[in-house]
Structure formats: structure tokens, C-alpha cells
Amino acid sequence: MPETLKPTPQDRRSRSTQAKVIRATIACLDRLGYAETTFARIQERAGVSRGAITHHFPTRQALVAATAMELLARALDPVERRAAQAASPEPVRDLITRAWGQVVNAAGGRAMVEILVACRTDAELYRLLETRLHDWDRQSRASVARAYIGADPAPDDAELLWSMTRNFLRGLVLHERFVTDPAYLARMVERFAGMMESQLTPLPAKDAP
């Protein structure tokens, strides 16, 4: 059996630099938006040289695409881990409020919304992300279908309802800029979660496919 090679100090430094740059990119996207997330801004926030950034990410689109892939992996991991553990799915109301508070309405979630909006006008960014976004969407819907059943007899109803939920929560991120009272957004999330509770039913762990 081939021996697993240990990462060299240079490998560790390289990974550390990439992680630092991606964290800075998330912060810039969240606070400044896509248009103002430049190499200069990221460099300043990450505290690294421009050359260190372009060595790993030759273009801004390449850096933002890598950031998006990191965010997508983070968002999907808890869902996949819960499914792998064959645990009973959490109540729909809890699932939606947690998704809003911990994923969508957080720095990474807001950054991801900026990236998705940018894909509409930045053809190169969309080209880099198109396949990954479609794959992630399929994985996300499949994970929900393994844990919940929809009220409609259509076999893909749970997937449809979860897609609606994701789009609603992302829309709230954009709407947040025009709302002065954060409690109003929280009420909308609670009301929406309450409505979805009658449409999505958790499958018992033993019955989950």
C-alpha cells in the first residue's frame, strides 16, 4: 500500500495563504458587494501581497469561484452529515430558522448571494461555476428528499418545496437592505417556516431511503 505523503511546510503555507485569501474575499463580498471586491481590497484585508493572491488565483473570477465552492461545501456538509448519521430529521420550522440564522443570513450566505447575482452579468464567473452550481443544487435537493416528504403526491414535491425555501431566504438577504427593523425579517422567516411546516413532513429515520 503506497505511503501517504505528508504535506511539506511549503504545502501548509500555501494552504494557509489560500484560506486567508478566501476568508478575506468572503468578508469583502459581504461588506462591499461583488463590484467593490477587488484584488486591492482583498489584499489589504488578508494582509498578503498581490503576488501571493495571483499565484493561486490568476483572476478575480477564479478567486470568487473558489470562494463560492468553499461556501457551497460548507452549506451542504451539515445536511449530508445528518443524513449519513441516519438521525431523525429536525422539524421543518427548526430547519428553516436555522438555515436563515446560521447559513443564509451570515457572512458566507450573504457573500454567496452576491456571487449568484454576479453570475447573471459576469459571463466568465458563470462559466467557472455553472457545473458546480447545478451539481450542488441536485445534491441539496436529494438530501432533503431523503429526509422529508412533501404534501403534494408528486414524487419531487419535497425537492420543489426546499428550492422554494432557499429562494425565499436568499431573497430576504436582498430585501434586508430596505428594512430598518431586523425583527420584521425574523417575523417573515417565522411565518414562512410555519407555512412550510404543513407542507414538508420529516420522514422517520427508519423509513428514510
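This is a predicted model: local features need pLDDT of at least 70, side-chain atom pairs count only at pLDDT 80 or more; totals for chains, interfaces and linings use all residues.
Let's begin with the annotated region. The UniProt record, an unreviewed entry, gives residues 38-57 as a "DNA-binding region". In the model this span is 75% helix and 0% strand, and its end C-alpha atoms lie 12 Å apart.

Now turn to the helices. Two packed helices are described by the angle between their axes and the distance between the axes. Take helix α5 (residues 92-104) and helix α8 (residues 157-175): their axes come within 11 Å and cross at roughly 45°. Angles under 35 degrees count as roughly parallel and 65 to 115 as roughly perpendicular, and α5 and α8 are therefore oblique to each other. The crossing of α5 over α8 is right-handed. On the α5 side, the residues in contact are Leu95, Ile96, Ala99, Trp100 and Val104, and they meet Trp162, Thr165, Leu169, Arg170, Leu172 and Val173 of α8. Sorted by class, this contact has nine nonpolar residues, one polar and one charged.

Helix α5 also meets helix α9 (residues 182-197). Here the axes come within 8 Å and cross at roughly 150°, and α5 again passes its partner in a right-handed crossing. From α5 come Val92, Arg93, Ile96, Thr97 and Trp100, while α9 brings Leu185, Val189, Glu190, Phe192, Ala193, Gly194, Met196 and Glu197. By class, that makes eight nonpolar, two polar and three charged residues. Look for Ile96 and Trp100 of α5 as you go: they are listed in the contact with α8 and also in the contact with α9.

The remaining pairing is α8 with α9. Their axes come within 11 Å and cross at roughly 170°; angles over 145 degrees count as roughly antiparallel, so that is how α8 and α9 run relative to each other. Leu161, Met164, Thr165, Phe168, Leu169, Leu172 and His175 of α8 make this contact with Leu185, Met188, Val189, Phe192 and Met196 of α9. The contact has 10 nonpolar and two polar residues, and no charged ones.

How many aromatic pairs does a search of the whole structure find? The search finds one. The rings of Phe168 and Phe192 have their centres 4.0 Å apart and their planes at 15°, so the pair counts as stacked. Phe168 sits in α8 and Phe192 in α9, 24 residues apart, and the pair thus links distant parts of the chain.

How values were computed:
Residues are numbered from 1 along each chain as its sequence is written. Side-chain values use heavy atoms; hydrogens and water are left out. Axes are lines fitted to C-alpha atoms, for helices over the stretch in contact, and angles run from 0 to 180 degrees between N-to-C directions. Helices (H or I, at least four residues) and strands (E, at least two) are DSSP runs, numbered from the N terminus. A crossing is left-handed if the near helix is turned anticlockwise from the far one by less than a right angle, and right-handed if clockwise. Contact means heavy atoms within 4.5 Å. Ala, Val, Leu, Ile, Met, Phe, Trp, Tyr, Cys and Pro count as nonpolar, Asp, Glu, Lys and Arg as charged, and the others, Gly among them, as polar. UniProt positions are given in the numbering used here, feature names are shortened, and annotations may be inferred rather than shown by experiment. Rings of Phe, Tyr and Trp (its six-membered ring) pair if their centres lie within 6.5 Å; planes under 30 degrees apart count as stacked, over 60 as edge-to-face and the rest as tilted.
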